[in-house]
Amino acid sequence: MASARGQFSSRFGFVMAAAGSAVGLGNIWGFPTQAASNGGAAFLIVYLILAFTLAYPALMAELIIGRHAHANAVTALRGLSHTPAQRRFGGAAGTIGFVVASLILSFYAIVAGWMMAFCVSSITALLGSAAATSWLTSFGFMRNELGVLAFMGLTIMIVARGVQNGIEKWSERLMPMLLFTLVVLVAYVLSLEGAMEGLKVYLLPDFQRALNPDLIIAALGSAFFSLSLGVGTMLIYGSYLDDKQNLPLIGGLVTGVDISIAVLAGFLVLPAMYVALHNGVEIYTAAGDLLSEDTLIFTVLPELFASMGLAGTLVSVLFFFLMSIAALTSSISMLEVPVAYAVEEHDVGRQSATYAIGGIIAVFSTIILLNFDTLFGLVITVTTRYSQPLIGFVFCIYVGWILHRDQLLQELRKGNPDIERGLFWKIWPWWVRLVCPAIILAIFARSLLA
Ligand code: PHE
């Protein structure tokens with residue numbers, strides 16, 4: 001079986017794919033707006049601390065389990081278990097992981113479909129078709145459904161091609177494109193009137209807001225979502241890594257790219273909002289808070305672009321294109337989780353597994369769309385707030401308590417023979433055993449109470 005598995009062909013390919021998974025709507029949109037409403041640079045500092053103290057160690061847990069087992073989460077956790085009870089527990093956690101990955105994809109595809117619709121609407125606006133533009137930007141079942149189908153179609157096409165020819169190749173193409181588009185947009189928006197005001201909100205720290213416990217918990221949750229943890233995505237990507245790779249270094253690179261892009265996106269989104277304010281667009285609620293995330297992206301920014309004439313339309317195409325790419329490199333990593341499970345555990349061909357599972361997820365998305373008011377928020381809360389931390393907890397427990405210390409050391413030594421002498425080996429094993437589970441349980445308990 002092992003020889004038939006896919007594998008990333010290079011370190012660059014892996015880092016692009018894993019960073020592509022991590023960098024998504026969460027970073028480019030979620031992070032900057034959260035920072036803006038929660039103490040600016042102070043939030044950034046809290047986020048950075050959490051990313052390195054919790055998310056990075058948890059990412060390492062997934063990468064190590066994945067590479068050690070060279071298998072999907074269900075097979076991997078079962079294989080690591082010593083007792084029948086552990087086997088059942090591990091199998092159940094892995095199974096919940098792939099269900100959660102599929103559910104996340106079902107709401108993510110809806111949002112990504114909107115991004116694509118807005119991107120196309122800027123093109124139809126350029127072509128002068130007012131009717132198409134207004135259809136594409138108004139909330140309606142057909143528009144939403146077509147968005148889901150188009151986005152799922154792209155995701156399926158890439159995943160069906162496999163690890164090297166699909167995921168790796170497309171991540172290598174799309175990620176540099178994403179970075180380039182982001183830098184061009186930042187440079188342009190910073191040159192506009194009003195942008196500096198936004199920079200101040202982003203960069204001036206307000207520690208009182210950032211040290212609020214609720215906020216720290218929110219930042220933890222978003223660090224988890226942002227690094228794609230707790231669904232088995234990083235575990236499955238880790239399982240496609242060869243033994244020559246130095247895992248702590250590679251995990252550090254992925255975390256670094258993820259955080260840098262989130263921070264860079266802050267230099268786009270915040271200044272853009274204040275340019276909008278400068279152009280007369282409302283960005284605050286009556287209570288003086290910033291408008292909520294979805295209102296901002298689908299109303300404030302389009303209004304801003306509209307107030308900028310032709311240049312605004314071009315910027316709008318670029319912006320929504322950027323969001324669509326960010327979403328696509330994440331969605332392929334979500335679909336890979338159930339697909340890898342089906343291929344490895346049930347001996348289904350990759351193509352058929354991808355089409356069938358992708359199709360089922362599109363049906364889920366449709367069900368959510370048909371019951372939007374009840375299901376959309378519910379699915380997001382259940383998956384990202386409750387399930388991700390809990391499954392992340394299980395991964396830490398497996399690495400910290402069930403995998404033997406020498407198995408861990410052997411795995412880490414493969415790409416880094418001197419690992420024992422470094423700081424990583426002195427801190428990480430007990431950190432992932434004690435500190436990570438304790439923090440995750442604390443978030444979980446807190447979110448249950450909230
Ligand atoms: N990390 C992605 C983002 O920031 C979301 C994601 C979650 C991707 C879980 C894969 C798995 O948008």
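**Salt bridges and a buried serine**

Q: Asp418: buried, exposed or partly exposed?
A: Asp418 is partly exposed, with a relative accessible area of 44%. Bear in mind that this is a predicted model.

Q: Which side chain does Asp418 meet in a salt bridge?
A: That would be Arg421, at 3.1 Å from N to O. Arg421 itself is exposed, at 65% relative accessible area.

Q: Nice. How many salt bridges does the structure hold?
A: There are 11 salt bridges in the structure.

Q: Which residue does Arg350 pair with, and how far apart are the closest N and O atoms?
A: Arg350 bridges to Glu336, and their closest N and O atoms are 2.7 Å apart. Arg350 belongs to helix α16 (residues 350–370) and Glu336 to helix α15 (residues 309–346), so the pair ties together parts 14 residues apart in sequence.

Q: And Glu336, buried or exposed?
A: Glu336 is buried, with a relative accessible area of 0%.

Q: Which residues are linked in a network of salt bridges?
A: Arg67, Asp243, Glu411 and Lys414 are linked that way. Within this group, Glu411 and Lys414 form a salt bridge with their closest N and O atoms 2.9 Å apart. Glu411 is buried at 2% relative accessible area, while Lys414 counts as partly exposed at 38%.

Q: Switching topic: where does Ser121 lie?
A: Ser121 is in helix α5, which covers residues 84–126. With a relative accessible area of 4%, Ser121 is buried.

Q: What is Ser121 in contact with, leaving aside neighbours within four places in sequence?
A: Apart from those neighbours, Ser121 contacts Thr133, Leu136 and Thr137.

Methods: Residues numbered from 1 in each chain as written. Predicted model: local features only at pLDDT ≥ 70, side-chain atom pairs only at ≥ 80, totals over all residues. Heavy atoms only, no water. Helix = DSSP H or I, 4+ residues; strand = E, 2+ residues; numbered from the N terminus. Buried < 20%, exposed > 50% of the residue type's maximum accessible area, 1.4 Å probe, protein only. Contact = heavy atoms within 4.5 Å. Salt bridge = Lys/Arg side-chain N within 4 Å of Asp/Glu carboxyl O.
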